[in-house]
Amino acid sequence: MINDDLEAVLLVGGQGSRLRPLTIATPKPLLPTAGVPFLAHQLARAREAGAGHVVFATSYRAAMFERAFGDGAAYGLCIDYMVEDEPLGTGGAIRNAAGALRGGPDDPVLVLNGDILSGHDIRAQLALHARAEAAVTLHLTEVTDPSRFGCVPTDADGRVTAFLEKTPDPVTNRINAGCYVFRRSTLDAIPAGQVVSVERETFPGLIAAGETVMGYADAAYWLDVGTPEAYVQGCRDLVLGRLPAPAVSGVPAPALIAADAKIDPDATVGGGSTVGPGATVAAGAEVTGSVLFEDAAVGEGARVVDSVLGRGARLAPGVILDGAVIGDDAVIEEGNELRAGARLWPGTHLPPTTLRFTPDP
Ligand code: GTP
């Protein structure tokens, strides 16, 4: 069955701890990404793949999701919300979301991690699932350094043979890409009301039980936006058109600038940057490959490269950011340079300085 009756579950209940301070006020799936909440990209892709009914599996800051997406009509979808009082892990969350699903025991359910940007062909993944009459069909992506992840080997027919933990010597460069098609009855068999991990428990258990677990492998664009560096890269890639962006108009472009942002004619904004509503960039400033949230302000001659400037955050003239993440309403006074890995908590005030820290070579 591939039509508008397809149901989808979006896993959006995680704390997003690696993305702090950005996720202190806003859950990761709602962070502005190329001008829209991150999830809007996934909803657009689920819609394109034939989804009509989507269930959000929420926990951390659950109420914010309903405020952002309502009943889903604006997205051409019907959205329901299932909240976990205590986070139930990926498997427990999927099982909890099943309470709002409407399909029958043999129907497919598309499950998406709420922090993945992917250009893969979801319809082809659904077609493989139907053809193989699988219990679960996982999207697998190929990475250059699989030793940083658990890997997922398959046999010649594409059947998953194991779920292997991280090792220095992985047997394949294919990893779990965080997009699954479940047979509804397989999803219902996950134990209810308890913490369960699909990666550590459900999938290895299905393989051990001899169930058909298929791998849909491809080399399409794929990015887990779980870290600040990856989040900035994802925003940049969407603006520059390195993957389809059906949720955004006006891309590809060198930069995506909100209608009421103010960019001085003598400023330079490019490299796939996003400038949010009410943000300002003063004369002589340069913003490259970066994300400026709503009402952020970049002073004269400041330089912002591959960085995030939170809502209402302000940079004094001449400040340099390179690979830095600045929390909401932080103020950075003149003379400061913040380089790769620097993170400032919301509301921080960095006074003017003439000091320079030079890292060891
Ligand atoms: P980190 O804290 O930075 O690891 O991020 P995270 O909390 O998002 O965890 P992770 O990246 O491992 O989660 C993968 C996906 O599953 C994300 O979309 C999360 O929102 C989601 N997720 C993780 N744990 C839970 C949970 O207990 N409940 C629900 N509903 N979703 C979860």
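Q: What relative accessibility does Arg303 have here?
A: In this predicted model, Arg303 has 31% relative accessibility, so Arg303 counts as partly exposed (buried is under 20% relative accessible area, exposed over 50% and partly exposed in between, with a 1.4 Å probe and protein chains only).

Q: And which side chain does Arg303 meet in a salt bridge?
A: The partner is Glu286, at 3.9 Å from N to O (a salt bridge is a side-chain nitrogen of Lys or Arg within 4 Å of a carboxyl oxygen of Asp or Glu). The pair links distant parts of the chain, since Arg303 is in strand β20 and Glu286 in strand β17, 17 residues apart (strands are DSSP runs of E, at least two residues, numbered from the N terminus). Glu286 is also partly exposed, at 29%.

Q: Where does Arg311 sit, and where is Asp328?
A: Arg311 lies in the loop between β21 and β22, while Asp328 lies in the loop between β24 and β25, so their pairing ties together parts that are 17 residues apart in sequence. Their closest N and O atoms are 3.3 Å apart; Arg311 is partly exposed at 28%, whereas Asp328 is buried at 17%.

Q: Changing topic, which residue pairs with Lys28?
A: Lys28 forms a salt bridge with Asp115, with the closest N and O atoms 2.8 Å apart, and these two residues, 87 apart, link distant parts of the chain. Lys28 is buried at 11%, and Asp115 is buried too, at 12%.

Q: How many salt bridges are there by this rule?
A: The count comes to 10, and Asp322, Glu337 and Arg339 are linked in a network of salt bridges.

Note on methods. Residues are numbered from 1 along each chain as its sequence is written. This is a predicted model: local features need pLDDT of at least 70, side-chain atom pairs count only at pLDDT 80 or more; totals for chains, interfaces and linings use all residues. Side-chain values use heavy atoms; hydrogens and water are left out. Helices (H or I, at least four residues) and strands (E, at least two) are DSSP runs, numbered from the N terminus.
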